[in-house]
There are 2 protein chains.
Amino acid sequence: MNAEIISIGDELLIGQTVNTNASWIGRELSFIGARVLKTTTISDQKNEIIKSLSTIGPNTQCVIITGGLGPTKDDITKQTLCDFFNTALEIHHPTLDKINEYFAKINRPMLETNRKQAELPRACQILDNNYGTAAGMWFEHDKVIYISLPGVPYEMKGIMAEEVLPRLNTLFELKSMYFKTALTQGIGESFLAELIKDWENKVFEGNLSLAYLPSPGIVKLRVSSYYGEKDKSKIKLIFDELETIIPNYLYGYEPDTLPSIIGQLLNKNELTIGTVESCTSGLLASYITSISGSSEYYQGSLLTYSNELKTKLAKVSVNSITEHGAVSETVVREMAEGGRDVLKVDVCISTTGIAGPTGGTDEKPAGMVWVAIATKEKTITKKLQFNGSRERNIHMTVLSSLNLLRNSLKA
Amino acid sequence: MNAEIISIGDELLIGQTVNTNASWIGRELSFIGARVLKTTTISDQKNEIIKSLSTIGPNTQCVIITGGLGPTKDDITKQTLCDFFNTALEIHHPTLDKINEYFAKINRPMLETNRKQAELPRACQILDNNYGTAAGMWFEHDKVIYISLPGVPYEMKGIMAEEVLPRLNTLFELKSMYFKTALTQGIGESFLAELIKDWENKVFEGNLSLAYLPSPGIVKLRVSSYYGEKDKSKIKLIFDELETIIPNYLYGYEPDTLPSIIGQLLNKNELTIGTVESCTSGLLASYITSISGSSEYYQGSLLTYSNELKTKLAKVSVNSITEHGAVSETVVREMAEGGRDVLKVDVCISTTGIAGPTGGTDEKPAGMVWVAIATKEKTITKKLQFNGSRERNIHMTVLSSLNLLRNSLKA
């Protein structure tokens, strides 16, 4: 089944609201095995709506329209659909009863504009809205289904889940699309592609699709099949092979995250953790504690931004700072080892660097960072170099540190 | 000038990624006075791209296309544009030089796939990308401008700001809109609207436009004029009045941020600052240090997630924790005062709360937070209650704490 989504609303076009409805509907349709060919966002204008409805693709069997069903004057979708399908509005009594009940419940008078929401096109099936006063509509015309839903995400999602998805599933006997998304850190998209090009060929030979989804510091690899669950084991095997090719980059699969995987490793090994941060100044700790229940393993941190606090709190020697500078392998090592002792944790991770844009020198340019991980057995250190904005350098440091930590925990 | 936006990417259609690019571009185009008629999202398939390019509306003068410019096999936009505009790829030497420089700087070998990114259509103007290796492209065809940009938001925004928007502005002689955006924290959109409705009427009477731009914890108020700079002083006066109405909520104007304003206040008063954090676990410190040069006033922090570290590092008394619990006014006060002493800072801000979703009780539900600010003169405390996700509660705590700090510094 092929679908298109039409979102109606000026607030979407001028970017005042991000169109999360279209992505939500896209995800839900994909899950039940429908294929979204196109999504379009248009203005609250009759001619624009008519034009979009008139130009849907020849392979589209279902059009989902959101927005423009509210009680105010600028909500024109319902009347426009009547014109397009050559029908008229009439009172839909079950909907009127529901609206009456709703206003009785909240103990407010019902306005004429609310009564008008029960006027619905004669030529459609009504889709119950249990979350608001704007009913959904289901039209069938020239073998295409047109579904009109309110733009309020909460109401739209309710009608989709309770009415639309079950009906579509039955009607089209849909196979669900199956996909799995691997997460990689520490390698850019093009280097990754180069490294796994033989594997990539195997994905295509297996009639599977592959997408690279890059974001700062992380590249996701999504392998999908339109043959649904029956390709599940094939996709698992293909990712098992990938794990042997890039074990240090591939850190897990959605919906896991670096912090959740680190949490699992720490819990499994019964280890506690703390951080001593300079340039990341708390962002590393805030990632680790983004997981509910992280208090099982995370104890606390020292954020030693000034050199005084590096020596006072984390026991870094004054000599090391004077001799090597605060951004140095010696200091980052002492921070991790001192922090492990002071915080009384099994694992301590430390960062010190020049986040930029100011503060860099020829020898130590902005974006240069040292990371260390101290455990009972040993301390490892790593030097990193980034070239982004201050925010980006800090963010990249955190992701790289977390992946370094993951690799050291699983080793 | 009328524009359309075409976003290319399966990840957008299946809802794996929300299309924030289209809304960002929509907002920027609106600001310079262009009108976005339509946005379309399509699959990474040649025929879909060609179809979209062939069906743009008769009134559209500019089409902005994002996505599909990466170095991997699934990136087909560049070749498709060549086919559509009947041109061919050739090496663009300035771009090749830039890519070479980039890889020299990060000290990595340049791959063949990266070299291919310098192969660009002969029939277009190249738009410099200072944030990555995929250049932007500017085609002109039948009096319509077609602009192709990478889908990575960071790179797309850079090329838009540095190349596309200035060119469009000049070419179409767009009216330069003047606007100023005030920033408020601590009050929801509808309460704010109620509080400032008389002021709002004055804005409209002055032939100015007002937009509410809400995001979690912050509502921005943008007042704009299509008459350009000549309304600058009028807009200043209207905001001066607003400052007297909501002094505790209105914290500044774009491009300032809460951390930048706090930095200015600390520098002006020659004060140093530190934090003692439990539930925010470093996010508060990372906000404060988001400002380059924050080492002038920010010294460091204690992240005392466990009760042991609250007593050991921040000198909170064991009795206070036993008697009142870790999330209490007594403990948050002791954290701020202990931190002020240990970190040797003039101002110390502390947080303790239940971020959720687990860990709440009837008496202390998830989302309940205590904040304290200790100075030489006094310690103030405040109890907050949020009802969002873990991430949202932490984020809201940080913003509220920073605004509380701002109000106490300016007092």
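Me: Into which domains does the domain assignment divide chain A?
Reply: Keep in mind that this is a predicted model. According to the assignment, the pieces of chain A are domain 1 (2-172), domain 2 (178-253) and domain 3 (258-410).

Me: What distance separates the centres of domain 1 of chain A and domain 3 of chain A?
Reply: Domain 1 covers 2-172 and domain 3 covers 258-410. Taking the centres over C-alpha atoms, the separation of domain 1 and domain 3 of chain A is 51 Å.

Me: How many residues does each chain bring to the contact between chain A and chain B?
Reply: On the chain A side, elements that each supply at least two residues include helix H2 (20-31), strand S2 (35-42) and helix H16 (390-410). By class, the chain A side has 25 nonpolar, 29 polar and 7 charged residues. The counts for the contact are 61 residues from chain A and 62 residues from chain B.

Me: In the pairing of S2(A) with strand S2 of chain B, what is the bridge partner of A:Thr40?
Reply: S2(A) and strand S2 (residues 35-42) of chain B run antiparallel, with 5 bridges between them. Strands of a sheet pair through backbone hydrogen bonds, either parallel or antiparallel. Look in S2(B) for the partner of A:Thr40, and you find B:Thr40.

Me: Which strands stand at the edges of the open sheet of 12 strands?
Reply: Follow the order: S6(A)-S7(A)-S8(A)-S3(A)-S1(A)-S2(A)-S2(B)-S1(B)-S3(B)-S8(B)-S7(B)-S6(B), with mixed pairing. An edge strand here pairs on one side only.

Me: How many bridges link S6(B) to strand S7 of chain B?
Reply: One of the bridges joins B:Ile126 to B:Met137 in S7(B). S6(B) and strand S7 (residues 136-141) of chain B pair in the antiparallel sense, and the number of bridges is 3.

Me: At about what angle does helix H4 of chain A run to S7(A)?
Reply: Helix H4 (residues 77-85) of chain A lies across S1, S3, strand S7 (136-141) and strand S8 (144-149) of chain A. Its direction relative to S7(A) is about 15°.

Me: Are H2(A) and H7(A) roughly parallel or roughly antiparallel?
Reply: The axes of H2(A) and helix H7 (residues 153-172) of chain A come within 11 Å, and they cross at roughly 20°. Angles under 35 degrees count as roughly parallel. That makes H2(A) and H7(A) roughly parallel.

Me: Which residues of H7(A) does H2(A) meet?
Reply: This crossing is right-handed. From H2(A) come A:Thr20, A:Asn21, A:Trp24, A:Ile25 and A:Glu28. The H7(A) residues they meet are A:Pro153, A:Met156, A:Lys157, A:Met160 and A:Leu165.

Me: Why is one side of each S17 strand left without a neighbour in the sheet?
Reply: The open sheet of 10 strands has the order S17(A)-S16(A)-S15(A)-S13(A)-S14(A)-S14(B)-S13(B)-S15(B)-S16(B)-S17(B), with mixed pairing. Strand S17 (379-385) of chain A and strand S17 (379-385) of chain B stand at the edges, so each has a single partner strand.

Me: Is the crossing of H11(B) and H16(B) left-handed or right-handed?
Reply: The axes of helix H11 (residues 258-268) and helix H16 (residues 390-410) of chain B come within 10 Å and cross at roughly 25°. The two helices are therefore roughly parallel. As H11(B) passes H16(B), the crossing is left-handed.

Me: What is the omega of the cis peptide bond from A:Glu254 to A:Pro255?
Reply: Most residues other than glycine have a negative phi, and most peptide bonds are trans. A:Pro255 sits in the loop between strand S12 (250-253) and helix H11 (258-268) of chain A. The bond from A:Glu254 to A:Pro255 is cis, and its omega is near 5°.

Me: Where is A:Lys344, which has a positive phi?
Reply: A:Lys344 is not a glycine, yet its phi is positive, about 55°. Its place is in the loop between helix H15 (329-342) and S15 of chain A.

Note on methods
Residues are numbered from 1 along each chain as its sequence is written. Chains are lettered from A and ligands numbered from 1 in the order in which they are written. This is a predicted model: local features need pLDDT of at least 70, side-chain atom pairs count only at pLDDT 80 or more; totals for chains, interfaces and linings use all residues. Domain bounds come from an automatic or database domain assignment. Two residues are in contact if their C-beta atoms, placed from the backbone, lie within 7 Å. Helices (H or I, at least four residues) and strands (E, at least two) are DSSP runs, numbered from the N terminus. Ala, Val, Leu, Ile, Met, Phe, Trp, Tyr, Cys and Pro count as nonpolar, Asp, Glu, Lys and Arg as charged, and the others, Gly among them, as polar. Two strands pair if DSSP finds at least two bridges between them. Axes are lines fitted to C-alpha atoms, for helices over the stretch in contact, and angles run from 0 to 180 degrees between N-to-C directions. Angles under 35 degrees count as roughly parallel, over 145 as roughly antiparallel, 65 to 115 as roughly perpendicular and the rest as oblique. A crossing is left-handed if the near helix is turned anticlockwise from the far one by less than a right angle, and right-handed if clockwise.
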